[in-house]
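Subject: Structure handover

Hello,

Here is the structure I said I would pass on. Please open it and keep it beside this email while you read.

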Amino acid sequence: MATLRTISDHILDICENAIKSGGDNGYLVIIETKDIFRFCIADNGKGMSEEEIKKALDPFYTTKKQRKKKFGLGLAFLKYSAEITRGYFKIYSKKNKGTTVIAGFNLKHIDCQPIGNITEMLLNLLNRSNGFSWKITRFFLKNGYKIETKYLNENFDITNPRELFVIKKYIMELEKEIREVVK
């Protein structure tokens, strides 16, 4: 992830970490109101010790060996971006059990990043999953929807651009539906 300009970029970045965690499944929950945007990402990967969590929150630390720049901004920048809006950031992890990252943003705060394109972010996530199974739940106010990669993989070839386009249209329609009921 080159830049994390939107909240959606943060979500995709942390989801990519989950995919690379050594596990095979994860959960993504996104909850949006008029004032608050929050998300939770959990995986069943290798997890981290307390010491590793501290290191992971250091922007000059990374576990990636094949990297020209030896720093990892993802978690540190997410924490900063959420907390500067008077939101919150939490990370829970257990060795060989997995990691959970929770962040909340105050959308009314002047320093809050834009949400970004949820549909494109979800489509990118699905396309990058490579056998990692996601259960995604998305809420806007009291309306929501669920997407499971297990179902998608059984019925679509998400590496096929035409089928990915069908999934994109479906997610766009779901996003439209959860917002229309509110009007």
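This is a predicted model: local features need pLDDT of at least 70, side-chain atom pairs count only at pLDDT 80 or more; totals for chains, interfaces and linings use all residues.

Residues are numbered from 1 along each chain as its sequence is written, and side-chain values use heavy atoms, with hydrogens and water left out.

Helices and strands

The core

The largest nonpolar core has 44 residues. A nonpolar core here is a set of buried Ala, Val, Leu, Ile, Met, Phe, Trp, Tyr and Cys residues joined through side-chain atoms within 4.5 Å. Buried means under 20% relative accessible area, exposed means over 50%, and partly exposed is in between (1.4 Å probe, protein chains only). The residues with the most contacts inside this core are Ile11, Leu28, Phe37, Phe39, Ile41, Phe105 and Trp134. Helix H1 (residues 7-19) gives the core its largest share, seven residues.

What does phenylalanine 105 touch, leaving aside its neighbours within four places in sequence? Its contacts (heavy atoms within 4.5 Å) include Ile7, Phe37, Phe39, Leu78, Ala82 and Cys112.

Helix H3 (residues 74-83) has these buried residues: Gly74, Leu75, Ala76, Leu78, Ser81 and Ala82. Their cover includes H1, strand S2 (36-43), helix H2 (50-56), strand S3 (88-94) and strand S4 (98-106).

Helix packing

Two packed helices are described by the angle between their axes and the distance between the axes. Axes are lines fitted to C-alpha atoms, for helices over the stretch in contact, and angles run from 0 to 180 degrees between N-to-C directions. Angles under 35 degrees count as roughly parallel, over 145 as roughly antiparallel, 65 to 115 as roughly perpendicular, and the rest as oblique. A crossing is left-handed if the near helix is turned anticlockwise from the far one by less than a right angle, and right-handed if clockwise.

Take H1 and H4 to begin with. Their axes are 10 Å apart, at an angle of about 15°, and the two helices are therefore roughly parallel to each other. The crossing of H1 and H4 is right-handed. In H1, Ser8, Ile11, Leu12, Cys15, Glu16 and Ile19 meet Ile118, Met121, Asn124, Leu125 and Arg128 in H4. By class, this contact of H1 with H4 has seven nonpolar, two polar and two charged residues. For these classes, Ala, Val, Leu, Ile, Met, Phe, Trp, Tyr, Cys and Pro count as nonpolar, Asp, Glu, Lys and Arg as charged, and the others, Gly among them, as polar.

H1 also packs against H3, at about 145° and with the axes 10 Å apart. The crossing of H1 and H3 is left-handed. His10, Asp13 and Ile14 of H1 make the contact with Gly74, Leu75, Phe77, Leu78 and Ser81 of H3. The contact of H1 with H3 divides into four nonpolar, three polar and one charged.

The axes of H4 (residues 118-128) and H6 (residues 161-180) come within 9 Å and cross at roughly 140°, so H4 and H6 are oblique to each other. Their crossing is right-handed. Among the residues in contact are Leu122, Leu123 and Leu126 of H4 and Leu164, Ile167 and Ile171 of H6. Eight nonpolar, two polar and three charged residues make up the contact of H4 with H6.

Single residues

Leucine 152 is in helix H5 (residues 149-155). Is leucine 152 buried or exposed? Leucine 152 is buried, with a relative accessible area of 6%. Beyond its neighbours within four places in sequence, leucine 152 is in contact with Leu126, Ile147 and Ile167.

Regards

How values were computed
Helices (H or I, at least four residues) and strands (E, at least two) are DSSP runs, numbered from the N terminus.
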